[in-house]
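Colleague: I have just opened this one and have never looked at it before, could you walk me through it?

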Amino acid sequence: LNIKLIPTKPIEGQKTGTSGLRKKVKVFMQDNYLANWIQALFNSLPPEDYKDGVLVLGGDGRYFNREASQIIIKIAAGNGVAKILVGKEGILSTPAVSAVIRKRKANGGFIMSASHNPGGPDYDWGIKFNYSSGQPAPESITDKIYGNTLSISEIKVADIPDVDLTSLGVTKYGNFTVEVVDPVADYLELMEDVFDFSLIRSLLSRPDFRFIFDAMHAVTGAYAKPIFVDKLGAGLNSVANGVPLEDFGHGHPDPNLTYAKDLVNIMYGENAPDFGAASDGDGDRNMILGGEFFVTPSDSVAIIAANAQEAIPYFQSGPKGLARSMPTSGALDRVAQKLNLPFYEVPTGWKFFGNLMDAGKLSICGEESFGTGSDHVREKDGIWAVLAWLSIIAYLNKDKKPGEQLISVADVVKKHWATYGRNFFSRYDYEECESEGANKMVEHLRDLVSRSKAGDKYGNYVLHLADDFNYTDPVDGSVASKQGVRFIFTDGSRIIFRLSGTGSAGATVRLYIEQFEPDVSKHNLDAQAALKPLIDLALSLSKLKDFTGREKPTVIT
Ligand code: VG1
Ligand code: CO
């Protein structure tokens, strides 16, 4: 193999956020922008982690993935990687990359995606690196990569032609091999191991159960038909927006009540189906809806955990432990307590769950941001979450005769609240604020924290604790600090502020509000009404309007 050494210069600002490096696609299309980062990554890894090794490459099908695939393949070859497994047409969902890395015992893999951020020439692109157990690279590595982007001087590129990614098969270039793989096969096999497909099929083939899955023209379009329709017997019409498009059909592929509007309208419309779900750009997020009913992600993970042992074969000996990200509601904590399971609270971002899973301490976990998953892979997994919910509904209805009333999604959630109490939860996002104002607000909040003490009164609430969340990984002792300002009150209510680490422009302020309600007679209140006093308190103590100039959030979930 002929390796060319291309001279280059450092480029500012290539620091990864919560989940990889994300920028406007035009930024990535500048000369050597992507190539620099990829070479910096190889400069950061110990050679034994990639030399003569196997890497996986895939993405969500967004604009620029085709060009990016060629750049990444040639630099991987230039750095001595022996083999690269690429999803056909460059397609692999984030959880599928994780699954392929694990199954093929690869050294790691690249994911070309900016997840739920919009795609197309004017929008976002992103790149993420996952390690050998399929987990997102830890901060120790991403910090090193950033350091190397500031001193890089040359890029090693193999002199090979563009690789044909349109058909399956193996191509050799000297001692370097490219294998184009089916994006669905390994992942589907794993799903069949985890779930009882015949149980799910028994539900999806009932005439009295109607199911709809909205792939939002994103990567799960490639998975939905083979899994839900071909394997599980759902009707052909049950998959909406099922063709992955480079710009997601001008959509914003984020499965929440604001951006998955089409699905929400169907599920709240006349003659609504019994079950609706959607996934994001790269297939790691999920939203679950019943007929006129929204399941919050914080409740969703708690309900999956509470029912997993009975309904999902993979968990038949019970989950090993449960975990959530810090801003996620405490609904899962209550399940862990009742089931007497080890429980962990980690910072925002899936990378913090991986060590716990590798150490055998954690089986099921979730984030309030529509991320749910388990140790079957090392990423959150949208289709897994849908299959988990279908398994629970199927299990609870398995003895129902035709014509008998089925137990619905709403029934399952309400019964869960009756047993455990309800954690009212909402998140307000203020997207693309001026960075300066947002940063000043965070300074103001930190200052408030440093002056506050237990017992302080905030209206009707009494402070239990205020801090900027710090996490020490129980497995490797690594520390993540300043992960979000929290105010926790004596009744368990919480107000949390963070700045997003996934945006590509300005600053996004996230405000998380939670309040626990044991009284069943109040469980049917609207979350916004129930949380109003806390939300008002959060806005006044943060002076959010003054600092950001925003009257209203851009997204409420
Ligand atoms: C957001 C979410 C976080 C999630 C991350 C990646 O991060 O809050 O929970 O893990 O996105 O999700 P931030 O820093 O913007 O709040 V995805 O679907 O982009 O991989
Ligand atoms: Co995503």
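Modeller: We can go through the domains, the ligand and then some pairs of packed helices.

Modeller: This is a predicted model, in which local features need pLDDT of at least 70 and side-chain atom pairs count only at pLDDT 80 or more, while totals for chains, interfaces and linings use all residues. Residues are numbered from 1 along each chain as its sequence is written, and chains are lettered from A and ligands numbered from 1 in the order in which they are written.

Colleague: Which domains does the domain assignment give?

Modeller: The assignment lists domain 1 (3-183), domain 2 (187-420) and domain 3 (422-556), with bounds that come from an automatic or database domain assignment.

Colleague: And how many residues of domain 2 are in contact with domain 3?

Modeller: On the domain 2 side there are 20 residues, in contact with 21 residues of domain 3, where contact means that the C-beta atoms, placed from the backbone, lie within 7 Å. The C-alpha centres of domain 2 and domain 3 are 26 Å apart.

Colleague: Which helix supplies the largest share of that side of domain 2?

Modeller: The largest share, three residues, comes from α14, and both α12 (354-358) and α14 (409-420) supply at least two residues each. Helices here are DSSP runs (H or I, at least four residues; strands are E, at least two), numbered from the N terminus. The side of domain 2 that touches domain 3 has 10 nonpolar, eight polar and two charged residues, counting Ala, Val, Leu, Ile, Met, Phe, Trp, Tyr, Cys and Pro as nonpolar, Asp, Glu, Lys and Arg as charged, and the others, Gly among them, as polar.

Colleague: Switching topic, what surrounds ligand 1?

Modeller: There are 18 residues around ligand 1, and the closest are Thr18, Ser115, Ser500, Gly501 and Thr502; a residue is included if its C-beta atom, placed from the backbone, lies within 6 Å. By class, the shell around ligand 1 has one nonpolar, 12 polar and five charged residues.

Colleague: Now the helices, at what angle do α10 and α11 pack?

Modeller: Helix α10 (residues 297-311) packs on helix α11 (residues 331-339) at about 15°, with their axes 8 Å apart. Axes are lines fitted to C-alpha atoms, for helices over the stretch in contact, and angles run from 0 to 180 degrees between N-to-C directions. That makes α10 roughly parallel to α11, since angles under 35 degrees count as roughly parallel, over 145 as roughly antiparallel, 65 to 115 as roughly perpendicular and the rest as oblique. Among the contact residues are Ala302 and Ala305 of α10 and Leu332 of α11, and the contact divides into seven nonpolar, one polar and one charged.

Colleague: How are α7 and α13 oriented to each other?

Modeller: The axes of α7 (residues 197-204) and α13 (residues 382-396) come within 9 Å and cross at roughly 75°, and α7 and α13 are therefore roughly perpendicular. Their contact has eight nonpolar, two polar and no charged residues.

Colleague: And what about α2 and α5, at what angle do they cross?

Modeller: Helix α2 (residues 33-44) and helix α5 (residues 139-149) cross at roughly 120°, with axes that come within 8 Å, and are therefore oblique to each other. The residues that meet include Trp37 and Leu41 in α2 and Ile141 and Ile145 in α5, and this contact divides into five nonpolar, five polar and one charged.

Methods
Two residues are in contact if their C-beta atoms, placed from the backbone, lie within 7 Å.
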